[in-house]
Amino acid sequence: METITDKLGRIGGVNLLPVAVAVAAFVLIGAPSSWATLTVAGLAMGMMVFLMASGLSLIFGLMDVLNFGHSAFVSFGAFVAASVLAALSGWLGADSVFLNALALSLAILAAMSFGLAAGWFFERVIIRPVYHDHLRQILITMGALIVSEQIILAVWGGTPITVPRPQFLEGALILGDVSIEIYRIFAVLLGLVAFAGLYVVLNRTRIGLLVRAGVENREMVEALGYRIDRLFIGVFMAGSALAAVGGAMWAGYETLITPALGGEMMIVVFIVVIIGGLGSIEGTLLGALLVGLTANYVGFLAPKLALASNMILMMIILIWRPNGLRPAVK
Amino acid sequence: MSVLTVTAMKTDIGKYAVLHDITFEVPEGGVFVLLGRNGAGKTTTLRSIMKLWQPTPGSVRFQGEDITGLHTADIARRGIAYVPENMGIFGRLTVEENLVLATAKGKFDPARLKNIYALFPALEKFWTKQAWSLSGGQKQMLAVARAIIEPRALILIDEPTKGLAPSIVAAMADAFREISQSATILLVEQNFHFARSIGSNMAVIEDGRVVHSGAMADFAADKALQNKLLSLSA
């Protein structure tokens with residue numbers, strides 16, 4: 001006999017959770033315009049957090065590395081992008097959409113390049129000596145996060161930095177009573193593009209096949225003739241670059257950033273990875289959307305619970321599914 | 001001529017010395033069986049040959065080349081396939097993807113694939129299914145198919161009959177006989193009757209040491225020796 005779980009599985013299963021949360025919030029909020037604004041804000045936040053967390057999920061799943069320093073790449077991405085945007089402020093304020101987009105693209109490219117280079121350095125110098133030793137991984141990557149905060153403090157100073165946005169992403173789209181910030185729509189679109197790219201790489205290429213196999217059984221991948229240590233470096237660099245792009249987008253979203261950004265985002269990023277299930281890009285997207293939507297809805301409905309909302313969400317999901325919503329390994 | 005020569009191999013796992021002195025030669029062709037009681041060091045021997053555990057002194061030569069210092073992936077690329085005790089199947093990948101990963105260039109040799117379909121028809125039937133959904137026997141077939149999808153000189157197989165139904169074990173024996181026509185199999189097996197039915201040569205490991213080696217036919221005929229080394233009375 002078909003169970004309720006089987007029936008739900010056939011129509012989408014856990015993938016429907018963000019929809020269920022949105023529907024429940026619609027009932028509780030009542031006002032459609034507020035709900036729509038909060039939903040887009042939640043989706044935008046979710047997509048940016050997805051960018052930050054997707055790399056960590058793969059690093060966790062494939063390399064079995066607990067990298068508490070991952071959010072340092074988010075910070076550096078944000079500050080590097082902010083510096084590029086500040087240097088190109090003339091282009092940002094210009095009436096030309098081309099110059100606006102070029103400035104933004106260069107800022108994202110700079111953050112991504114920094115993430116790639118920093119990821120390579122981080123894996124070589126900090127992670128490599130502590131493979132297979134979780135306790136040392138936690139200690140050394142926490143230490144690296146603290147050091148990175150101090151580097152940011154030394155380079156950019158302790159004063160919060162205002163991040164200019166490109167002219168073409170300023171303002172809001174008005175649809176009836178609903179006002180949606182254009183930057184948020186852009187964040188959602190960029191997140192979707194990143195997800196689609198990752199999905200294609202992981203599911204349609206040989207490298208992706210190796211990554212998925214490595215998440216399940218590293219040893220067997222090596223026994224089939226592949227040097228997984230070389231794959232580790234590639235995945236680590238890509239994950240770091242994605243985190244830096246997420247940080248760059250977050251900087252534009254918040255418009256004010258401080259050196260504490262990395263530490264603040266670390267908790268959210270880990271919650272997303274744990275909720276989604278280790279090593280799964282689909283799970284990470286699901287977790288990020290749930291975290292984004294829940295944070296926005298709860299912030300509106302019960303502001304005093306806003307800070308705890310993600311923790312409560314994680315507790316509920318882990319009680320229900322101890323391995324997360326869509327873990328890469330069954 | 002021997003395809004594999006293991007000399008004075010020792011392996012420590014953590015602070016425990018598991019292999020003390022493993023020395024044996026695997027002749028080219030046929031099925032060479034490593035026998036021994038539980039915990040004797042048979043699995044560790046295979047893993048040490050593949051460098052999945054780090055053996056300390058001693059040497060491993062494959063087709064005359066010293067592979068002792070090579071990385072696991074480089075050993076595999078020399079032409080040694082490994083089928084671990086837990087089969088090492090990638091459950092979230094399809095049957096096809098599991099096999100693609102074992103090919104050198106991501107493409108199948110049609111003749112080899114046809115041969116695999118003939119040996120293990122279930123794999124063709126479940127070609128696009130995720131491997132976790134296969135039965136235990138089908139998973140074992142996939143693990144063996146993965147080892148022979150490319151030409152290999154030596155295939156290390158660890159306890160392939162464990163937990164399988166008798167009909168699957170019989171099919172596996174037929175498959176091994178056919179595979180051993182073109183590659184040498186180094187088999188770890190607890191089931192002596194199965195080992196005897198397909199083995200050409202054998203060695204017995206006891207407490208991390210090779211205590212006996214020779215032709216399987218001779219060992220199968222010597223009940224007293226079997227009883228002494230394996231506690232078998234049959």
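Tutor: Start with A:Thr255, which counts as partly exposed because it has 14 C-beta neighbours inside 10 Å. A residue is buried if 20 or more other C-beta atoms lie within 10 Å of its own, exposed if 12 or fewer, and partly exposed in between, with C-beta atoms placed from the backbone. This is a predicted model: local features need pLDDT of at least 70, side-chain atom pairs count only at pLDDT 80 or more, and totals for chains, interfaces and linings use all residues. Residues are numbered from 1 along each chain as its sequence is written, and chains are lettered from A and ligands numbered from 1 in the order in which they are written.

Student: OK. Where is the place of A:Thr255 in chain A?

Tutor: A:Thr255 sits in the loop between α11 (228-254) and β4 (256-257) of chain A. Helices (H or I, at least four residues) and strands (E, at least two) are DSSP runs, numbered from the N terminus. A:Thr255 is not a glycine, but its phi is positive, about 65 degrees.

Student: And what is phi of A:His132?

Tutor: A:His132 has a phi near 70 degrees, again a positive value in a residue other than glycine. A:His132 lies in the loop between α6 (97-127) and α7 (134-156) of chain A.

Student: Is A:His132 buried or exposed?

Tutor: Exposed, with 8 other C-beta atoms within 10 Å of A:His132.

Student: On to helices. At what angle do the axes of α3 and α9 of chain A cross?

Tutor: Roughly 60 degrees, and the axes of α3 (residues 32-63) and α9 (residues 206-216) of chain A come within 7 Å. That makes α3(A) oblique to α9(A). Angles under 35 degrees count as roughly parallel, over 145 as roughly antiparallel, 65 to 115 as roughly perpendicular and the rest as oblique. The axes are lines fitted to C-alpha atoms, for helices over the stretch in contact, and angles run from 0 to 180 degrees between N-to-C directions.

Student: Which residues of α3(A) and α9(A) meet?

Tutor: From α3(A), A:Leu58, A:Gly61 and A:Leu62; from α9(A), A:Val211, A:Gly214 and A:Val215. Two residues are in contact if their C-beta atoms, placed from the backbone, lie within 7 Å. Four residues of this contact are nonpolar, two polar and none charged. Ala, Val, Leu, Ile, Met, Phe, Trp, Tyr, Cys and Pro count as nonpolar, Asp, Glu, Lys and Arg as charged, and the others, Gly among them, as polar.

Student: Which residues of α14(A) are buried?

Tutor: A:Asn310, A:Leu313, A:Met314 and A:Ile317 are buried in α14(A). Seen down the axis of α14(A), they fall within an arc of 95 degrees, so they line one face of the helix. The arc is that of the directions from the helix axis to the C-beta atoms. The buried residues of α14(A) pack against α12 (261-276) and α13 (281-301) of chain A.

Student: What does the face of α14(A) turned away from the buried side carry?

Tutor: Exposed residues, including A:Leu307, A:Met311, A:Ile312 and A:Ile319.

Student: Which residues does A:Val298 contact, leaving aside neighbours within four places in sequence?

Tutor: A:Val298 is in contact with A:Leu305, A:Ala306 and A:Ser309. A:Val298 belongs to helix α13 of chain A and is buried, with 21 other C-beta atoms within 10 Å.

Student: Now the interface. How many residues does each of chain B and chain A give to the contact?

Tutor: Chain B gives 19 residues and chain A gives 16 residues. On the chain B side, the elements that give two or more residues are α2 (72-77) and α3 (95-101). The chain B side divides into eleven nonpolar, five polar and three charged residues.

Student: How many residues of α1 of chain B are buried?

Tutor: Eight of the eight residues in α1 (residues 42-49) of chain B are buried, B:Lys42 and B:Arg47 among them. Just after α1(B), B:Lys51 takes a positive phi of about 70 degrees.

Student: Last one. Where in chain B is B:Asp21 found?

Tutor: B:Asp21 is in strand β2 (residues 16-27) of chain B. B:Asp21 is partly exposed, with 14 C-beta neighbours inside 10 Å. Not counting residues up to four places away in sequence, B:Asp21 touches B:Ala8, B:Lys10 and B:Arg209. B:Asp21 and B:Asp207 are 186 residues apart in sequence and 9.5 Å apart in space, C-alpha to C-alpha.
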